[in-house]
Amino acid sequence: MSVDVAGSQQGAARILSGLLEARTGQTLSEGRAWRMETALRPVLRTHGLEDMEALAAKLLRKTDAALEKAVIEALLNNESSFFRDLQLFDMLQGQILPHLHETRPNRVLRIWSAGCSTGQEVYSLAIQLRNAWSRWNGWQIEILATDISGRAIEQAKAGVYSQMDVQRGLAIGDLIKWFEPHGDDWRASPELRRMIDFRQDNLFDAREPSGEYDLLLCRNVLLYFTPERRQAVLKLLGRHSHAGSVLLLGAGETVIGQGDDFIAHPGFRGSYARQAAVTAQRVAGSRRAG
Amino acid sequence: MKNCLVVDDSKVIRKVARHILESLDLSVSEAVDGQDALTQCEASAPDVVLLDWNMPVMSGMEFLQALSSAKMTARPKIIFCTTENGISHIKAAVDAGADEYVMKPFDRETLESKLSIVGII
């Protein structure tokens, strides 16, 4: 009997993770699969369902689109924090942003945060830009931030974060300067919120953002995808980058073995540039040397 | 190993903070109020002080003011750690020279983040 129960639980888990992959492209690692029931408990309660098996059975009947949406939202990992990976933000502030300031023509800076979750990372970037506003004043700065989770995008748009959220990574000076009390929470200032265009978007949708971006952040996103889908995302990012673009991935992510669109950036450790651009630079360099 | 002086009149808070800080590879000493902390700082300056606001004998703010005229080889980083979570208190602490501010309740991630921001870990 216990074997049957375990089998039926595994079957339900397979159905639920299959739904997540079909709708978002994300696969559930063993660690996240283990947390599946915890993540889905509020959904079970709201919809009056006894367990995951009942949930899976109802989803298979395909009669409740709202339930399907709620399940996907619950299974997406929206963990994020301000200035996550301080070293990377130090490099952004000290090297990458000054480099883009030097090299981008027409005083236009375009940034795309693909998989922005609840917004902390892209707000951190906006804070860095605002803290160096004398450098960027007069520039046209466009920041697009997209995520598949509608719930995450709504929070990001609102810019409201708990006391615990703002204490993780945000320096107290930046909290005072760029946030205001909002009940027991804190809200990003209108200046910060106005800088960012938050949109719900699926990286595998036919819809794509327009044009090329100078700085692309796709951090802690690829790790949820199969190798084929990682390559597809890097191709998408490649289509929206140019020879001088800089791509930033999560600390545990790489482009190695993920197609030939990007290569390690020659100037900024841990970041990436378009493969063709780096190759062209090397060829030009060797011609000059010759 | 860097040293953190935990200044709080609550034994429980000191114990919780010590547990977290030691797990972050810091050595920990404790003070029960601002005066105790000042005496310890003058004897041997810690790298960082985790400082409560409201304490008997000498408050956190009074400690901060006294610290500026204390005889010390190097000024420690000051992280306020308090239930005074209003923006006026935060601004007052920063104006008085606090390097960082932790609003209670706190957890390991919060302390780790603040210690990293002030360059201790």
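In this predicted model, 14 residues of chain B are in contact with 11 residues of chain A. On the side of chain B that touches chain A, the elements giving two or more residues are α4 (87–95), β5 (100–103) and α5 (108–117) of chain B. Of these, α5(B) provides the largest share, 5 residues. Sorted by class, this side of chain B has 7 nonpolar, 4 polar and 3 charged residues.

Within chain A, a pair of helices can be followed next. Helix α3 (residues 36–46) of chain A and helix α5 (residues 65–75) of chain A have axes that come within 9 Å and cross at roughly 140°. Angles over 145 degrees would count as roughly antiparallel; α3(A) and α5(A) are therefore oblique to each other. Their crossing is right-handed. From α3(A), the residues M36(A), A39(A), L40(A), P42(A) and V43(A) meet A70(A), V71(A), A74(A) and L75(A) of α5(A). By class, this contact of α3(A) with α5(A) has 9 nonpolar residues, with no polar and no charged ones.

Back in chain B, helix α3 (residues 60–67) has the buried residues G60(B), M61(B), F63(B), L64(B) and L67(B). These cover an arc of only 160° around the axis, which puts them on the same side of α3(B). The spacing follows from helix geometry: an α-helix has 3.6 residues a turn, so residues three or four places apart point the same way. What covers the buried residues of α3(B) includes β1 (3–7), α2 (34–43), β3 (48–51) and β4 (77–82) of chain B.

Key. Residues are numbered from 1 along each chain as its sequence is written. Chains are lettered from A and ligands numbered from 1 in the order in which they are written. This is a predicted model: local features need pLDDT of at least 70, side-chain atom pairs count only at pLDDT 80 or more; totals for chains, interfaces and linings use all residues. A residue is buried if 20 or more other C-beta atoms lie within 10 Å of its own, exposed if 12 or fewer, and partly exposed in between; C-beta atoms are placed from the backbone. Helices (H or I, at least four residues) and strands (E, at least two) are DSSP runs, numbered from the N terminus. The arc is that of the directions from the helix axis to the C-beta atoms. Two residues are in contact if their C-beta atoms, placed from the backbone, lie within 7 Å. Axes are lines fitted to C-alpha atoms, for helices over the stretch in contact, and angles run from 0 to 180 degrees between N-to-C directions. Angles under 35 degrees count as roughly parallel, over 145 as roughly antiparallel, 65 to 115 as roughly perpendicular and the rest as oblique. A crossing is left-handed if the near helix is turned anticlockwise from the far one by less than a right angle, and right-handed if clockwise. Ala, Val, Leu, Ile, Met, Phe, Trp, Tyr, Cys and Pro count as nonpolar, Asp, Glu, Lys and Arg as charged, and the others, Gly among them, as polar.
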